[in-house]
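Student: I have a structure to go through with you. Can we take it piece by piece?

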Amino acid sequence: MTLNQLLPGQKALLQELPEGLVRSQAIRLGLMPGTEIVCVHKLPRGPVIIKKNKQQIAIGEALAARINVKSTQKGESKGGKEPQKWN
Amino acid sequence: MEKNLKSGTKRLVLVGNPNVGKSVVFNYLTGKYVDVSNFPGTTVDISQGTYKNYQVMDTPGIYGVSSFNDEEKVAREVILQADLLLNIVDGVHLERDLFLTLQLAEMGIPLVVAVNMMDEVDRQGIKLDLEALEDILGVPVVPIAAARKTGLEEMANSLCLAKKGNKSSEVKKLLETFTLKDISEAKLLLALEGDFKIEDIPNKREEIYLLRRKRVDTICKKIVCYKDGNNIFAEKLGDKLIKPIMGVPILFIMLFLAYKIIGVFAAGTVVDFLEGLMTTYYEPWIRAVVGSFISLDSMLGQLLVGDFGVLTMTVTYIVGLLLPLVVAFYLLLSILEDSGYLPRVATLLDRSFHKVGLNGRAVIPMILGFGCVTMATISTRILGSDRERLIAIVLLSLTIPCSAQMGVITAMLSALGFGYFLAYILIMLAIFVLAGTALNKLLPGKTTDLLIDIPPMRLPLLKNVWQKTWSKSLHFLSEAGPLFAIGSLLIGLLQITGVLEILQQLAAPIVVTWMKLPKEAATAFIMGIIRRDFGAAGFFNMALTKQQTLVAMTTLTLFVPCIASIVVVLKERGFKQGLGVFIGCIGIAFLIGGIMAQVLI
């Protein structure tokens with residue numbers, strides 16, 4: 001699945017990042033294959049906000065759709081509750 | 001930047017990620033006497049000061065040393081000239097910040113690391129093993145809490161202990177393989193990372209970045225211990241601001257407050273007061289002074305102290321109007337910047353901006369535009385691609401009324417009732433969307449994607465905010481001041497030579513028959529080029545119907561921005577594109593104004 005498909009609270013491992021400058025930028029920000037992240041929030045047809053430990057990163061929808069992830073835990077259903085506590 | 005140093009003086013460069021408290025440390029070290037200058041060829045400001053025998057230089061906040069944008073290029077140049085580096089990192093976000101730290105350590109420039117926000121680290125129950133970090137990096141690591149002024153003395157004292165950092169074995173090997181005479185390790189490393197051109201050095205950026213990132217993660221596992229389930233207020237607030245349900249209403253409240261502070265208080269009350277002072281005291285005085293040397297009716301006299309005189313109108317304009325607006329604006333922007341709110345707004349609005357070919361980062365120039373379009377046009381350089389810069393500049397020139405203009409427009413429209421005011425906003429919004437969508441479709445290429453760090457929300461430090469505001473305002477005025485002077489000189493020449501009158505007569509038939517406005521409106525539009533609010537003010541004294549007022553205000557907003565912003569657009573986009581923007585705006589303004597007139601009147 002891709003990063004933009006994650007639900008709030010869902011944990012995942014990053015698998016593949018698109019090539020080019022954006023990959024360098026992502027690595028610098030701490031995102032690379034194997035990084036464990038939590039989806040904090042997804043704006044409707046907008047950016048995904050993910051969290052890696054204490055750090056939050058916003059990723060535009062089109063870019064998120066090109067990042068492959070492997071879900072390690074189910075998120076909440078679309079009930080719209082607060083995302084569960086992570087850490 | 002290439003200033004010669006006194007012997008014994010060392011160049012100390014401060015480096016860090018954005019929002020890590022670098023400026024607090026800089027202010028602590030350098031005290032009051034700070035020199036803010038513009039890095040040649042960019043809009044990036046570099047602050048300089050002295051501390052003991054160090055010449056201290058601040059750099060813009062960066063996530064790594066490379067050349068992804070202007071800020072990074074400037075930081076890279078300054079870092080390469082450094083004798084020693086002071087890297088400030090956020091103790092709460094070591095995972096993010098240590099990437100830069102490792103890169104600096106590997107560059108082989110003597111380094112000291114200050115871990116800031118230690119108070120916050122304690123509050124969040126995070127445990128950091130800084131001794132272990134010191135061993136791994138091989139450079140002094142000092143805990144500080146800059147906002148509370150703790151640890152700063154120890155930090156300053158450890159500057160003399162700065163050492164070259166340890167390198168990972170892989171990077172060491174790479175550097176040894178390609179080692180070259182006369183090239184510093186720092187430059188060689190940047191060459192290997194593809195950010196510095198040296199012949200025969202391959203680009204291994206991704207490999208090195210991955211190695212470094214993995215090393216950061218290993219280090220963090222070793223030295224950082226998080227406490228579970230600690231969700232503090234700032235974090236919760238930060239999360240809320242990003243979600244549309246809370247974020248959008250809060251954004252509107254913020255915009256409303258900003259409008260009240262800048263559009264009403266600064267652009268109204270303060271400007272009226274200062275301009276009054278200038279026109280009643282300063283202008284008669286300077287006329288008398290100049291009049292004692294040369295005749296006021298002579299050409300030179302007119303150029304200096306006439307209606308559009310460089311010493312009369314320009315000075316009144318800069319001191320009476322621009323100064324209060326720019327100060328109010330930068331004050332607000334500094335607060336927004338330091339609090340960590342802007343990246344959240346950028347995220348919130350990313351999707352909407354994508355429709356007009358921009359990404360969320362464009363929110364900064366767009367907000368700035370409501371303060372001063374000239375200022376905003378300069379700031380479009382932060383955008384990711386040339387295409388986005390062009391779109392942003394066109395949208396700014398065409399649809400965004402600056403605060404000076406907005407003051408007059410709101411006064412005139414609100415007199416007509418809420419309906420007209422709403423109509424004006426909707427028309428502007430529609431044109432913004434239409435023009436942006438059209439450019440997005442027509443221009444080749446694609447919008448760059450949003451990929452930004454969302455820093456934690458923080459209470460801005462008043463002293464810092466004020467210092468930032470002041471230095472930025474002065475810098476802007478020193479840059480824009482001459483442009484306004486050139487502009488008014490040009491208009492002054494046009495007036496003296498009679499060209500201004502010819503232009504007004506040429507425009508009059510279009511204004512009267514096509515836009516159904518009185519013939520004096522032509523004068524007001526042309527005056528709007530000099531000062532957008534002059535134009536709007538010209539309409540005050542005309543007997544206009546409600547419909548005519550709406551047509552006039554819409555056309556005026558769309559019409560070319562003021563002379564200073566025209567100069568900046570020409571400078572940024574080159575003559576051809578600049579002229580295109582200029583003519584396009586006039587064309588669209590008259591077209592839309594005319595269509596509205598034909599329908600409404």
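**Exposure, patches and packing**

Tutor: This is a predicted model. We start with B:Lys355, which is partly exposed, with a relative accessible area of 47%.

Student: Which helix holds B:Lys355?

Tutor: Look in chain B, at residues 342-355. That run is helix H14.

Student: Which residues is B:Lys355 in contact with, leaving aside neighbours within four places in sequence?

Tutor: Contact here means heavy atoms within 4.5 Å. Set aside the neighbours within four places in sequence. That leaves B:Thr437 and B:Asn440.

Student: Is B:Glu131 buried or exposed?

Tutor: B:Glu131 lies in helix H5 of chain B, residues 130-137. The cut-off for exposed is over 50% relative accessible area. B:Glu131 has 63%, so it is exposed.

Student: Which helix gives the largest share of the nonpolar patch?

Tutor: The patch is made of B:Ile510, B:Trp514, B:Leu591, B:Ile595, B:Val599, B:Leu600 and B:Ile601, with about 610 Å² of accessible area together. Two elements of chain B give two or more residues: helix H21 (499-514) and helix H25 (563-600). The largest share is four residues, and it comes from H25(B).

Student: What is the relative accessible area of B:Leu591?

Tutor: B:Leu591 is found in helix H25 of chain B. B:Leu591 is partly exposed. Its value is 46%.

Student: Which residue follows H1(A)?

Tutor: Its phi is positive, near 105 degrees. The residue is A:Gly30.

Student: In what pattern do the elements of chain A follow along the sequence?

Tutor: Chain A has two helices and five strands. Read along the sequence, they give β-α-β-β-β-α-β.

Student: What share of the residues of chain A count as buried?

Tutor: Buried means under 20% relative accessible area. Chain A has 87 residues. The share that counts as buried is 55%.

Methods: Residues are numbered from 1 along each chain as its sequence is written. Chains are lettered from A and ligands numbered from 1 in the order in which they are written. This is a predicted model: local features need pLDDT of at least 70, side-chain atom pairs count only at pLDDT 80 or more; totals for chains, interfaces and linings use all residues. Side-chain values use heavy atoms; hydrogens and water are left out. Buried means under 20% relative accessible area, exposed over 50%, partly exposed in between (1.4 Å probe, protein chains only). Patches are made of residues with over 30% relative accessible area and no salt bridge: like charges are joined within 9 Å, nonpolar side chains (Val, Leu, Ile, Met, Phe, Trp, Tyr) within 5 Å. Accessible areas come from the Shrake-Rupley method with a 1.4 Å probe; for residues, only the protein chains shown count as cover. A salt bridge is a side-chain nitrogen of Lys or Arg within 4 Å of a carboxyl oxygen of Asp or Glu.
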